[in-house]
Amino acid sequence: MAPVAPRSGDAIFASVEHVNAELFTLTYGAIVRQLLTDLEEVEEVNKQLDQMGYNIGVRLIDEFLAKSSVSRCVDFKETADVIAKVGFKMFLGVSASVSNWDADGTCCSIVLEDNPLVDFVELPDTCQGLYYCNILSGVIRGALEMVSMKTEVTWVRDMLRGDDAFELQVKLLKQVPEEYPYKDDE
Amino acid sequence: MQFFGGSDISPSPPPPTASGHNAHMMYIFNRSGICLLYREWNRPLHTLNAQQDHKLMFGLLFSLKSLTAKMDPTSADKGNLGVPQLPGQGCSFHSFRTNTYKLSFMETPSGMKIILLTHPRTGDLRESLKYIYNLYVEYVVKNPLYAPGTPIRCDLFNTSLDQYVRSIS
């Protein structure tokens, strides 16, 4: 029996349960607001958002693999395409595009034209260093780590800071194949 | 404002094959070799204690995967035997059958391994294992009380698993 072909992001997005978009945006906004109140330091908030994203990512990867039936990507280029076309579509309902590949094929940019997390959001002057969507960088990092890729994800362009789009730079640090966990001595 | 309909676990379960016996047992391992779940429905003979049993099963699968990948006649890339492969890369074995049981195996790119032992006349269980993976995602991964990497203690998961396994061959 041939394996099931991977489903497109649109098909999966249509079949999963949805939550109201405004509820999602406002809940996320409340989380960031509360973190700012509790932690006060913008850098701390950035780190905490990244950590939260990482914890989400390590669980999200299983849901992603189960729903999309994507088999292992052959190289990092394919991985980035799958994240942008299937991953973002499936979970956030937006399509992203991949660009700016470097010569090795280990570093690329994922560009989001439309980002549901930032609807209605404006950054005040006191929070200019805040990466509001830093949870997304944590999610990507966590998910890729569970498929044996250590990456570094940073924001290059951020619309809340005046740029024209959201751009994430994803850099592959190394592939870590799984080691046999037990020592050879029975 | 966007509102959409809901749906339950997808894909929907494959139609049950012949009715009758339950499966024998089931293991779920994660990528570090920790046995997250061991369910036993029908196992008359126990030879090893639980720890050794899990290590043996994991070791067996690790070696089988490695062997089958290296012996692949269609693959151009021949690494050394013993070099760890990335899960899902290259060819992957999915079942073996003896005269008394059939072992079906599925590995995801995230390193989750699902193993089901059934009677030897069982058909291809790949779709069933995929459905079990979906059950795992719904009841375990999405469960906020579950810490990833620890043994699974979710009653809802156990009951829906038992129910589903009863319905396959």
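Trainee: What makes the side chain of Thr118(B) count as having a polar contact, and with which side chain?
Mentor: The model is predicted. The side chain of Thr118(B) meets the side chain of Thr122(B) at 2.8 Å. The cut-off for such a pair of N or O atoms is within 3.5 Å, so the 2.8 Å pair qualifies as a polar contact.

Trainee: Why is Thr118(B) called buried?
Mentor: Its relative accessibility is 4%. Buried means under 20%, therefore Thr118(B) is classed as buried.

Trainee: Where is Thr118(B) found, and which residues is Thr118(B) in contact with beyond its neighbours within four places in sequence?
Mentor: Thr118(B) belongs to strand β5, residues 113-118 of chain B.

Trainee: How many helices and strands are in chain B, and in what order do the elements run?
Mentor: Chain B has three helices and five strands. Starting at the N terminus, the order is β-β-α-β-β-β-α-α. Of the 169 residues in chain B, 44% are buried.

Trainee: Why is Leu23(A) called partly exposed?
Mentor: Leu23(A), in helix α2 (residues 21-39) of chain A, has a relative accessible area of 49%. Exposed requires over 50% and buried under 20%, so Leu23(A) falls in between and is partly exposed.

Trainee: What makes up the nonpolar surface patch that includes Leu23(A)?
Mentor: Val19(A), Leu23(A) and Phe24(A) form a patch of about 270 Å². Patch residues need over 30% relative accessible area, and Leu23(A) passes that cut-off because its value is 49%.

Definitions and conventions. Residues numbered from 1 in each chain as written. Chains lettered and ligands numbered in written order. Predicted model: local features only at pLDDT ≥ 70, side-chain atom pairs only at ≥ 80, totals over all residues. Heavy atoms only, no water. Patch = residues over 30% accessible without salt bridge, like charges linked within 9 Å, V, L, I, M, F, W, Y side chains within 5 Å. Areas by Shrake-Rupley, 256 points an atom, 1.4 Å probe, with all protein chains shown as cover. Salt bridge = Lys/Arg side-chain N within 4 Å of Asp/Glu carboxyl O. Helix = DSSP H or I, 4+ residues; strand = E, 2+ residues; numbered from the N terminus. Buried < 20%, exposed > 50% of the residue type's maximum accessible area, 1.4 Å probe, protein only. Polar contact = N/O pair within 3.5 Å; in protein donor to acceptor, adjacent residues only side chain to side chain.
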